[in-house]
Amino acid sequence: MAVNTSTQLGCGRDIDEVWENIARPATPHELSCPFCGPARESLQELERATSKLRVDDEEDPELQAGPLVIARILEVARSEVRRNRRLPLNKPLPGQVSEALTISEQAVAAVVRRTGDRHGGVQVRRCSVELVDDSAPVAGSLPVVDELAPREASDVRVALRVSIDGGVSIPSLSGELRRAVIDVVSREVGMNVVRVDIEVEDVHGV
């Protein structure tokens with residue numbers, strides 16, 4: 001089958017247009033088109049396979065997602081929503097209006113989550129990162145920005161909601177996790193973590 005792009009068929013239609021019509025009878029074009037016809041048959045086979053999997057998921061208790069899996073899926077969805085929020089890596093210089101070098105909150109949160117999940121006895125369920133901006137507004141005329149001046153790393157505050165294994169000491173593990181988060185964000189991202197709030201919302205393994 002010849003295609004012009006990854007989703008465009010040889011006749012010029014997009015594969016999404018064929019999919020949108022998959023539940024209805026084939027159009028006259030789809031009945032005669034050498035590209036849409038095979039594409040429609042492939043999509044119908046895919047639809048039958050996914051429908052069977054959905055039925056199996058609903059009827060087999062072993063295939064149904066547990067509360068922990070659902071919580072992780074929702075956390076990933078929330079992370080996607082936050083993907084576009086940008087955090088400046090460095091504090092702005094006096095008079096500087098915008099910061100060119102930024103990183104997404106989701107990227108910083110991913111570093112934190114990986115550190116937490118690798119920490120024995122911890123399951124990170126939620127993670128958020130907020131910029132701590134204590135800079136005072138500049139009064140009067142704006143000063144000249146010295147681009148060569150030393151830059152200070154931005155301050156951020158990290159909040160974690162975790163589940164901890166029932167056999168560990170919560171104060172001790174929280175302290176270790178707090179220090180690990182401060183270290184990894186400074187070393188891998190270059191930002192300064194001024195506070196790590198840890199909320200233990202569940203205990204597992206008991």
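A: Helices (H or I, at least four residues) and strands (E, at least two) are taken here as DSSP runs, numbered from the N terminus. On that basis, the elements of the chain follow one another from the N terminus as α-α-α-α-β-β-α-β-β-α-β, with 6 helices and 5 strands in total. The model is predicted: local features need pLDDT of at least 70 and side-chain atom pairs count only at pLDDT 80 or more, while totals for chains, interfaces and linings use all residues. Residues are numbered from 1 along each chain as its sequence is written, and side-chain values use heavy atoms, with hydrogens and water left out.

The strands β3, β4 and β5 form an open sheet of 3 strands, in the order β3-β4-β5 and with mixed pairing. Two strands count as paired if DSSP finds at least two bridges between them. At the edges lie β3 and β5, each of which pairs on one side only. On average, neighbouring strands are turned by 15° against each other, with direction ignored; axes are lines fitted to C-alpha atoms (for helices, over the stretch in contact), and angles between N-to-C directions run from 0 to 180 degrees.

β4 and β5, by contrast, pair in the parallel sense, over 11 bridges. There, Val158 faces Val196 in β5, and Val162 has Val200 of β5 as its bridge partner.

One is α5, which touches β3 and β4, and whose direction makes about 145° with that of β3; contact means heavy atoms within 4.5 Å. α5 has 14 residues and reaches 20 Å from its first C-alpha to its last, close to the 20 Å expected at 1.5 Å a residue, where the expected span is 1.5 Å times one less than the number of residues. Its buried residues are Glu105, Val108, Ala109, Val111, Val112, Arg113, Thr115 and Gly116. Buried stands for under 20% relative accessible area, exposed for over 50%, and partly exposed for values in between (1.4 Å probe, protein chains only).

The other helix, α6, lies across β3, β4 and β5 and runs at about 140° to β5. The 20 residues of α6 (170-189) should span 28 Å at 1.5 Å a residue, and the end C-alpha atoms are 27 Å apart, which agrees. Leu173, Ser174, Gly175, Leu177, Val181, Val184, Val185 and Val189 are buried in α6. The buried residues of this helix pack against β3 (122-132), β4 (155-165) and β5 (192-204), and also against β2 (102-104) and α5 (105-118). After α6 comes Gly190, which has a positive phi near 85°.

Ile170 also belongs to α6. With a relative accessible area of 35%, Ile170 counts as partly exposed. Setting aside neighbours within four places in sequence, Ile170 is in contact with Ile164 and Val200; the latter is the bridge partner of Val162 in β5. Val122 is 48 residues from Ile170 in sequence, and their C-alpha atoms are 9.9 Å apart.

For context, two places earlier in the chain may be set beside this part. Cys11 is in the segment before α1 and is partly exposed, at 31% relative accessibility. Not counting residues up to four places away in sequence, Cys11 touches His29, Cys33, Phe35 and Cys36. Asn21 sits in the loop between α1 (15-20) and α2 (28-32), and is buried, with a relative accessible area of 10%. Beyond its neighbours within four places in sequence, Asn21 is in contact with Ala26, Thr27, Glu30 and Arg40.

Over the whole chain, buried residues make up 29% of the 206 residues. Of the contacts with a separation of 6 or more, 66% are between residues 24 or more positions apart.
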